[in-house]
Amino acid sequence: AVVSTQSTGIRFESKLVKQVKNIKFLCVEITESLSWDLQINKVVSRVNRSIGSLYRMRGSLPSQLRLQVYSALIQSYVSYGISVWGCGGDINKLFPIFKAQKNALRCLFQLKRRYGSYARAGTKRSFTDHHLLT
């Protein structure tokens with residue numbers, strides 16, 4: 001891809017290339033600053049929409065099938081293109097994705113939120129028990 005600036009007027013095959021703020025390429029949102037905030041927000045939005053589907057089917061799915069549904073509806077969105085956008089500098093920017101993954105696990109495996117000193121025990125154990133990547 002060729003990126004132009006207003007001042008230089010870059011041409012590709014004799015045509016002036018238009019500068020844009022962001023572009024979608026292979027379903028990955030790329031901004032001119034490579035901040036990846038748009039991509040992260042898009043992934044969180046997709047995962048959150050999938051949680052609704054998980055909620056409707058969670059009671060009727062056996063445990064092994066739940067993992068396959070998680071892989072199809074959640075993990076596929078999270079892992080697609082992560083080698084490009086997942087290392088965008090600040091690891092804290094990825095926290096909303098992790099939070100959405102935790103919500104999906106809570107929904108799918110009917111885990112209760114824990115408070116106090118046991119706050120991390122709820123989903124952390126599910127991630128390790130089911131060998132899920134975060």
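These legends describe close-up views of a predicted model.

**View 1. Confidence along the predicted chain.** The mean pLDDT of the chain is 80. A score of at least 70 is reached by 82% of the residues. Among the elements, helix 1 (residues 37-57) has the highest mean pLDDT, at 90. Helix 5 (residues 121-129) has the lowest, at 69.

**View 2. Helix 1 packed with helix 2.** The two axes come within 9 Å and cross at roughly 170°. Angles over 145 degrees count as roughly antiparallel, so helix 1 and helix 2 are roughly antiparallel to each other. Helix 1 makes the contact with V43, R46, V47, S50, S53, L54 and M57. Helix 2 makes it with V69, L73, I74, Y77 and V78. By class, this contact of helix 1 with helix 2 has 9 nonpolar, 2 polar and 1 charged residues.

**View 3. Helix 1 packed with helix 4.** Here the axes lie 9 Å apart, at an angle of about 5°. Angles under 35 degrees count as roughly parallel, so helix 1 is roughly parallel to helix 4. From helix 1, the contact takes I40, V43, V44, V47, N48, I51, L54 and Y55. From helix 4 come P96, I97, A100, Q101, N103, A104, C107 and L108. The contact of helix 1 with helix 4 holds 13 nonpolar and 3 polar residues, and no charged ones.

**View 4. Helix 2 packed with helix 4.** Helix 2 spans residues 63-79, and helix 4 spans residues 95-108. Their axes come within 11 Å and cross at roughly 165°. That angle makes helix 2 roughly antiparallel to helix 4. The crossing of helix 2 and helix 4 is right-handed. R66, Y70, I74, Q75 and V78 of helix 2 form one side of the contact. I97, Q101, A104, L105 and L108 of helix 4 form the other. By class, the contact of helix 2 with helix 4 has 7 nonpolar, 2 polar and 1 charged residues.

**View 5. The aromatic pair F95 and F98 in helix 4.** A pair of aromatic rings is described by the distance of the centres and the angle of the planes. With ring centres required to lie within 6.5 Å, the count comes to 1 aromatic pair. The ring centres of F95 and F98 are 6.2 Å apart, and their planes are at 50°, so the pair is tilted. Both residues lie in helix 4. F95 and F98 are 3 residues apart, about one turn of the helix.

Note on methods:
Residues numbered from 1 in each chain as written. Predicted model: local features only at pLDDT ≥ 70, side-chain atom pairs only at ≥ 80, totals over all residues. Heavy atoms only, no water. Axes fitted to C-alpha atoms, helices over the stretch in contact; angles between N-to-C directions. Helix = DSSP H or I, 4+ residues; strand = E, 2+ residues; numbered from the N terminus. Parallel < 35°, antiparallel > 145°, perpendicular 65-115°, else oblique. Left-handed = near helix turned anticlockwise from the far one by under 90°. Contact = heavy atoms within 4.5 Å. Nonpolar A, V, L, I, M, F, W, Y, C, P; charged D, E, K, R; others polar. pLDDT = per-residue confidence, 0-100. Phe/Tyr/Trp six-rings, centres within 6.5 Å; stacked < 30°, edge-to-face > 60°.
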